[in-house]
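The tour moves stop by stop.

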Amino acid sequence: MFKNRLFICLILMVSIFFLNSTVKSDQRKNQLNQFRQLYQELPTPNKYRTASGAPGPEYWQQRADYDMSIELDENTQRIYGTETITYFNNSPEELRYLWLQLDQNIRAKDSMTKKTGTGRISDPMSFRYLEREHLDFDGGFKIEYVKDQNGKNLHYKVVNTMMRVDLHSTLKPHSRYSFKVKWWFNINDSSKLGGRSGFDYYEKDENHVFTIAQFFPRLAVYNETEGWQHKQFLGGGEFALPFGNYNVRITVPSDHIVGATGVLQNPEEVLNAHQQARFKDAFQATDKTVLIVSEDEAVENEKERVDTKKTWFFKAEKVRDFAFASSRKFIWDAMAVKFGERTALAMSFYSKEGNPLWGKYSTKAVAHALKVYSKFTFDYPYPKAISVLSGRGGGMEYPMVSFNGGKPETDGTYSERLKYSLIGVIIHEVGHNFFPMIVNSDERQWAWMDEGLNTFVEYLSEQEWEREFAVREGPAYTITDYMKGDKKYISPIMTAPDFDLHVGSNAYAKTATGLNILRETILGRELFDFAFKEYARRWMFKHPAPADFFRTMEDATGLDLDWFWRGWFFGTEHVDLAVENVKWYKVNTGEPEFTRSVKNEKENRSRKRFISNIRNKKEIEKTALEKDKSLADFYDEYDPLKVRDDEKKEYKEYLESLSEEQKELLKSGYNYYEVAFSNIGGMVMPVIVKFEYSDGSEEVKRIPAEIWRRYNDHVTKVFVTKKEVRHITLDPFLETADVDTRNNTWTVKGKPDYFKVEKRKSPSGKNLMQKVNKKK
């Protein structure tokens, strides 16, 4: 009895072991399925942000208004400033302190960025590197005071690039608080220290061009997803800022021309009569630029310096930041861009060193960007957009203002590459007015939400500029080299930029390419464009998070795209689909003569393969059957090619049982191709197949990515064609970012195999001998 119980317990333990193993195996398989939902990765929807991706009924956001007086001291290259900040607490929470961003502190001598910077020594080293290492620059904000509106000092604590201001009393929900800050800082020389802001020095005429940003203590974002977003500014991740209204007075040498965020309030005080008249004319110039300050005037202006000063006054509403440029070297041109009854000005500020390239292309590229971006999002709501020539190369964006690099040679010539680079960077930086200046995402955490979306629309804009525009990002084939790289050094797109080795490839290129694949291959242009525009419309002048974008795109298209977000944004797997095998079939009509010939040919092929593996028949003098005829039976005398009467009768009865449609199907002569596809890279994609037929014609079939929904690594599919296929190509237009196209083709050779079509299964399991004897 004991032994029996022991045996039963052992059986139960083994059964439980195998059951658990099976369950765990299924769980692992489910965890690896690319089509599982993103419930764990995305935050739970709530009354602030809905499951549809739209702002919720109780969505709120903070606001910060600024009243600033700024002075630019050209002789010492310093900025002096005072500001009154009015902070609106629209949250349902009480606040005991406020956090401000001090981005200039990245240049402080003891900054975290300098302390954590890494590098290597190579042989040789550049003088630029050594000069930077030995440069003694006293950067960072020098805070003179922080006071409440009554002039009483407020306690503050600087923490690297952030400053906490402690309030005298709690700031209640739905109330406001005003306080004052005074500061100054040294402006960095861009040629020596680089950076997003600074000055360019022109040694020949001893003049400066100042492109100034991150020049004032700015409120950090406070919201329901992060609380205070006070992640330190390390240089990679850019900015997260609340909207507000700005009144900014900028005092500069009186021979300077200033371009800035907002609308100039006192043109009669800072412009001469001719400049004022040209400025007004620009509002009517929709097809050409108007020179407000000509090159001749700029050249004359830069010859001497003056000791007097002027104050330029700008107002801006519903902006998240402010920037300006100032120089006596500026040429200034403008043209109008109409949005219904409203007019926005596209403008450029540049030195003579930018011509002829800048005068020919800059402002028209600004206007082009505003038009195309508006088509894919919403009408540009700001009164102007500016492109400023910066000596640093590349570009940087702020509300209504962008700093862009790219100068021709000293003789005025320029390469084709420079031309397209300049047009592209202007379109890109002006496009940032839409993402993130208006659709105000958190750049410091989610660089892809502005850089990627913006690069994508930049690509669309470039295609509308010129058919053969030399693109850098957008088409799927441009990202394959990066995606097939060593995964040890590749991070998901969802990685914050300060911790990503490949911000450019991830946030810009991979995101833009992914959106292009969504538009061209997965969703189609109509569906994608509607959803993308809906996202922009929903989050215009608001703060979207990644889930809001993902959910809106699904909500507005009616398609589950979790598989795409998971693979492309949360993962690092690449696309490598392959044609693994192709089998060619045709229908066996059931006609006895044809069936016998097909069967015999197949058996002969099998017999030949088998016989070829045994020893030479000539070594056998006589077989047992040849020696003893009594061993012969039915199968030795049976003629496999001879059609019996009963088979003819059976075939006739079979035909009579078929409908006319079924008979036509039997006689149709269709070809059936069983194609096996494998997913080597791991990232699923639609299967796009081009068939090249024997008559020279072609056909493309598109299968949605859901073909992989049950088996992510291997699927087979049957394709039915009237014509015979000679060649099959997977992803023929290079639109899925497949990193290895060598396994994407298959040439169909030989003859087809045949399959029978049964109306119903035969109830008899009798063998051939039984059937023949029965008929006799």
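**Stop 1: Helix H13**

Select Arg 537 and Glu 534: they sit 3 residues apart in helix H13, so about one helical turn separates them. Helices and strands here are DSSP runs, numbered from the N terminus; a helix is H or I with at least four residues, a strand is E with at least two. Before going on, note that this is a predicted model, where local features need pLDDT of at least 70, side-chain atom pairs count only at pLDDT 80 or more, and totals for chains, interfaces and linings use all residues. Residues are numbered from 1 along each chain as its sequence is written, and side-chain values use heavy atoms, with hydrogens and water left out.

The side chains of Arg 537 and Glu 534 form a salt bridge, 2.6 Å from N to O. The salt-bridge rule asks for a side-chain nitrogen of Lys or Arg within 4 Å of a carboxyl oxygen of Asp or Glu. Glu 534 has 16% relative accessibility and counts as buried. The classes are: buried under 20% relative accessible area, exposed over 50%, partly exposed in between (1.4 Å probe, protein chains only).

Now select residues 525-538, the whole of H13. It has 14 residues and spans 20 Å from first C-alpha to last, close to the expected 20 Å. The expected span is 1.5 Å times one less than the number of residues. Buried residues in H13 include Phe 528, Phe 532 and Tyr 535.

**Stop 2: The core**

Select Phe 549 and Trp 568. These have the most contacts inside the largest nonpolar core, which has 194 residues. Helix H8 gives the largest share of this core, 11 residues. A nonpolar core is a set of buried Ala, Val, Leu, Ile, Met, Phe, Trp, Tyr and Cys residues joined through side-chain atoms within 4.5 Å. In soluble globular proteins, nonpolar side chains tend to be buried together.

Zoom in on Phe 549. Leaving aside neighbours within four places in sequence, Phe 549 contacts Trp 448, Met 449, Leu 453, Leu 515, Phe 532, Tyr 535 and Trp 565. Contact means heavy atoms within 4.5 Å. Another core lies apart from the 194-residue one. This other core has 6 residues, among them Val 587, Tyr 651, Leu 666 and Tyr 672.

Next, pick Glu 462 in helix H10. Is Glu 462 buried or exposed? At 3% relative accessibility, Glu 462 counts as buried. Not counting residues up to four places away in sequence, Glu 462 touches Gly 424, Ile 427, Phe 469 and Val 471.

**Stop 3: The open sheet**

Show the strands in the order S4-S7-S2-S1-S13-S17-S15. These 7 strands form an open sheet with mixed pairing. S4 and S15 (263-264) are the edge strands, each pairing on one side only. Two strands pair if DSSP finds at least two bridges between them. S1 (residues 63-73) and S2 (residues 78-89) run antiparallel, joined by 11 bridges. Select Asp 67: opposite stands Thr 84 in S2.

**Stop 4: More salt bridges**

The salt-bridge count is 44. Pick Glu 144 and Lys 182, which meet in a salt bridge at 3.5 Å, N to O. Glu 144 lies in strand S4 (residues 142-148) and Lys 182 in strand S7 (residues 175-186), so the pair ties together parts 38 residues apart in sequence. Glu 144 is partly exposed at 43%, and Lys 182 is partly exposed at 31%.

Move to Glu 297 and Arg 278, with closest N and O atoms 2.9 Å apart in a salt bridge. Glu 297 is in helix H7 (residues 295-301) and Arg 278 in helix H6 (residues 273-282), so this pair ties together parts 19 residues apart in sequence. Then select Asp 205, Glu 302, Lys 329, Lys 352 and Glu 353: salt bridges link them in a network.

**Stop 5: Zoom out**

Select Tyr 754 in strand S31 (residues 753-756). Its contacts beyond four places in sequence are Tyr 585, Lys 586, Val 587, Asn 588, Phe 594 and Val 598. The C-alpha atoms of Tyr 754 and Phe 349 are 74 Å apart.

Finish with the whole protein: 21 helices and 31 strands. Its radius of gyration is 37 Å, well over the 28 Å that the globule rule gives for 776 residues, so the protein is more spread out than a compact globule. The radius is taken over C-alpha atoms, and the rule is 2.2 Å times the number of residues to the power 0.38.
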